[in-house]
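Dear colleague,

Please find the structure below, together with a short account of what was found in it.

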Amino acid sequence: SMDRIELRSGNQVVNYVYIARPLSLQEFLKDIDYSVVVTDRDKKPLYWRNVEAPEDKTWDQIAPEDKLQLQKRMKNMYEVYLGDTSDQLGYIYFTTPKYLPRIRYLVLLELALALLLVGFSSYGLFLLNRIEKDTLWIGLAKETAHQFGTPITSLMGWIDLLREAPEEGISSPELSKMLDYMTTDLNQLKNIASRFGKVGSQTKLVPTELHTILQQTVSYFKDRLPHLGSKMDIHLISKIPGIKVMLDTELFTWAMENLIKNCIDAMSQKGGNIFITATHNNKYVFIHIRDEGKGIPHSQWKKIFEPGITTKTRGWGLGLSLAKRIIEEYHQGVIKVLTSTINEGTTIEIRLNIAEQEEEKK
Ligand SMILES: Nc1ncnc2c1ncn2[C@@H]1O[C@H](COP(=O)(O)OP(=O)(O)OP(=O)(O)O)[C@@H](O)[C@H]1O
Ligand SMILES: [Mg+2]
């Protein structure tokens, strides 16, 4: 594998010299997974790697369109001048490894998250200062901070995974899957932040087809019911297609989520079904949220709507007080325990006003 050089005296070969060539830059570049072009002093490419031109040919052998392509690529690459001491090589052009720009994007994401948290905490403090006596606000701030936990932990996990990425990068289907998950988590953060902002301000009720909102809520939960352990299912029976209700969709959905979460908690032992039923008369829409869970003692039917009342080790006792505030204060509706039997189940009723006809025609 060594090179042989003939030593001549006139026409006679008098001796041979064998030399081992040092590993050339060209060979070294074979192991590299990003794009490199090496040129001479006049910027004429000598050899290249991972660019859209055949690598086994020289500059003079490749097709004109390949030449164009190569020169176009070089414009977007980093240029390093090799200095006057190198006798043949002039410049090296290179790009960063494929996954580097993405990591940079992730660092930005992390920064944005940090800012979001700082901003949110200051907002919370500001609110606490202003409405010190309203304990629901303190609870709400805690609840929201609690809600932020899940998506943030999940995002941090993905970021760690990406940081520990192998040398050769991450395959793009895997990466796009990760990015999908991260987008979902970010959207969830956005929702939570926007809900929190809404409770503090005047809400605007708009005529909304409640049927559609209920469908969305139910299908969201259908995909997310616990499927380990006890079996659960959720069903919607709606007799109100086309009926419009004055609604703040975001807040109403939040209330529904809290009610459904309570049903899931109540059935965590033995599983069962959740039925969401919607009916109406001339004036009102009635939504029943029924579960087959552990039930509520009659003496507690009113009390559970007060903030801080909970029977759960990890509960804040906020879900129902928030739901009550949303239904009664923001929507001028009514929420109550309609019926409940120990070990058989509970039905919560929400009553909302049907939107005025002329309101609809505007
Ligand atoms: N569907 C239900 N079945 C049985 N008990 C219920 C049901 N809904 C509420 N409760 C009782 O009412 C209590 C108060 O509910 P609420 O949603 O306000 O708070 P929480 O669920 O305990 O905690 P948080 O919702 O803040 O996580 C619960 O702890 C539970 O004992
Ligand atoms: Mg709850």
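Which polar backbone atom is 2.9 Å from an oxygen atom of ligand 1? That atom belongs to Leu320; a polar contact here is a pair of N or O atoms within 3.5 Å. An oxygen atom of ligand 1 also lies 2.5 Å from a polar side-chain atom of Thr310, and an oxygen atom of the ligand is 2.5 Å from a side-chain N or O atom of Lys312. The protein buries 91% of the 590 Å² that ligand 1 exposes when taken alone (Shrake-Rupley method, 1.4 Å probe).

The model is predicted: local features require pLDDT of at least 70 and side-chain atom pairs pLDDT 80 or more, whereas totals for chains, interfaces and linings use all residues. Residues are numbered from 1 along each chain as written, chains are lettered from A and ligands numbered from 1 in written order, and side-chain values use heavy atoms, without hydrogens and water.

Around ligand 1 there are 18 residues (a heavy atom within 4 Å): seven nonpolar, eight polar, Gly counting as polar, and three charged.

H7 and H8 pack at about 145°, their axes 9 Å apart (lines fitted to C-alpha atoms over the stretch in contact, angles from 0 to 180 degrees between N-to-C directions). Their contact (heavy atoms within 4.5 Å) includes Asn262 of H7 and Leu320 of H8, and its residues comprise eleven nonpolar, three polar and no charged.

With kind regards

Note on methods
Polar contact = N/O pair within 3.5 Å; in protein donor to acceptor, adjacent residues only side chain to side chain. Helix = DSSP H or I, 4+ residues; strand = E, 2+ residues; numbered from the N terminus.
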